Amino acid sequence: MELLAPAGSFEKLRYAIEYGADAVYAAGKQFGLRAKATNLDEDELAKAVKYVHERGKKIFITANIFANNQDIDEIPPYIDYLSKLGVDAVIASDPGVISIIKETAPTLPIHLSTQANTTSWKSAEFWAKQGVSRIILAREVSFAETKEMIKRVPELEYEIFVHGAMCISYSGRCLLSAFLNNRSANRGLCTHPCRWEYTLTEKSRPGEEFAISEDERGTYILNSKDLSLYDKLEEIVSSGITSLKIEGRMKSLYYVANTTRVYKTAIQEYLQKRKPDPQLKEELYKISHREYTTAFFDDSELNNTQTYETSGYKRNYQFLGEVVDVESAHTASNTQLLFDNVVNIRAKFSVGEEIEVISPDHQQDVKLKVQAIYDEDGNLITDTKPNTNITLKLDTKLPRYGILRKQIK
Ligand code: SF4
């Protein structure tokens with residue numbers, strides 16, 4: 001069973017792979033949704049393909065816009081480029097784009113994007129006849145429906161979302177953002193106006209606003225919870241589904257790494273017929289998230305998919321930085337062996353604070369109290385500054401790809 005993680009940048013891609021992803025999905029600078037994610041330029045795409053293949057992993061590239069006439073001429077050279085680069089599949093949704101992929105690179109696997117809203121086995125059968133090798137199912141498809149599709153159209157691979165934000169419209173087919181903000185969701189530019197606060201105005205009374213509220217905190221008709229199928233993994237691993245996808249190309253490196261290791265560890269445990277460590281699930285509450293729901297998976301939470309507290313994220317932990325180097329140990333004056341752990345800083349922390357360092361194996365996470373911080377010139381400092389490198393001299397060697405965080409109190 002494949003765990004597929006988002007790679008909004010080359011750096012996030014490396015963390016996804018190091019924290020357990022079997023495959024990553026990313027966009028080039030052209031034709032992929034999530035236009036605001038950093039996305040990969042041509043050099044980075046080449047580097048990314050090499051990086052994942054050297055580690056026996058896969059990379060899928062999105063080309064899932066709904067193309068307009070003026071886009072068409074630029075698509076064949078891009079597909080040809082991706083094919084020659086050796087990407088493992090292209091993710092597409094527009095029938096025109098799919099036909100270009102088939103004409104330009106007949107052997108390049110095509111994964112049908114969730115944007116195509118495949119919701120029945122008959123649609124799956126149709127797409128199989130069109131040469132698609134994998135269907136990324138709409139989040140609105142239940143587990144029972146998915147299993148029926150696998151049974152009726154077994155020649156296809158099936159990919160489902162297991163974690164991440166959900167769109168209140170059918171898999172992103174929504175005009176709200178294009179209409180209100182001139183930023184189209186179907187071109188990767190959604191500004192999430194479904195989560196804004198609205199008032200009602202009567203036509204002949206401009207300027208007079210009437211509150212629309214379900215309760216004293218506001219109205220939440222369009223405010224979806226986040227998806228988490230963590231509690232359903234035991235059923236999922238024996239279902240015949242090929243790939244489990246984590247949403248979040250716009251999310252932080254910390255989100256990508258931590259979510260990936262949680263799902264990867266749990267999948268491995270269930271495949272070995274063991275139960276995961278209960279602490280593992282707690283990690284999903286230590287990343288930025290809204291309330292979780294299993295949404296359309298089965299009947300259990302179908303009426304519990306909206307959040308009524310807030311449209312914002314819950315953040316209990318702050319991402320502080322990542323370990324970029326661990327220099328050889330040296331002996332301090334008191335003969336204690338110390339390691340220079342070099343950390344790239346994302347947010348401030350200070351001497352005396354309790355921090356945690358997570359690593360790909362959650363059993364090896366460590367907690368420590370910051371005793372001394374050295375800047376890049378070797379001077380002792382009391383607080384860190386974002387976008388600098390600092391050194392923590394510790395008797396522990398922190399793991400390469402370790403991520404520092406602290407609890408928000
Ligand atoms: S505005 Fe909301 S519902 Fe529409 S595409 Fe964006 S996230 Fe989805």
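**View 1. The interface of domain 1 and domain 2.** Between them, domain 1 and domain 2 bury about 1300 Å², and 42% of this area is on carbon and sulfur atoms; buried area here is the accessible area (1.4 Å probe) that two parts lose on being put together, summed over both. On the side of domain 1 that touches domain 2 there are seven nonpolar, six polar and four charged residues, where Ala, Val, Leu, Ile, Met, Phe, Trp, Tyr, Cys and Pro count as nonpolar, Asp, Glu, Lys and Arg as charged, and the others, Gly among them, as polar. This is a predicted model, in which local features need pLDDT of at least 70 and side-chain atom pairs count only at pLDDT 80 or more, whereas totals for chains, interfaces and linings use all residues. Residues are numbered from 1 along each chain as its sequence is written, and side-chain values use heavy atoms, with hydrogens and water left out.

**View 2. The domains and the ligand between two of them.** The protein is assigned domain 1 (2-170 + 223-293), domain 2 (173-211) and domain 3 (317-407), with bounds that come from an automatic or database domain assignment. Because domain 1 and domain 2 both give residues to the shell around the ligand, the ligand lies between them. This shell consists of C167, I168, S169, C174, A185, C190, H192, P193 and C194, each having a heavy atom within 4 Å of the ligand. By class, seven residues of the shell are nonpolar, two are polar and none is charged.

**View 3. A salt bridge between R346 and E11.** The side chains of R346 and E11 form a salt bridge at 3.0 Å, N to O, a term that requires a side-chain nitrogen of Lys or Arg within 4 Å of a carboxyl oxygen of Asp or Glu. The structure holds 29 salt bridges.
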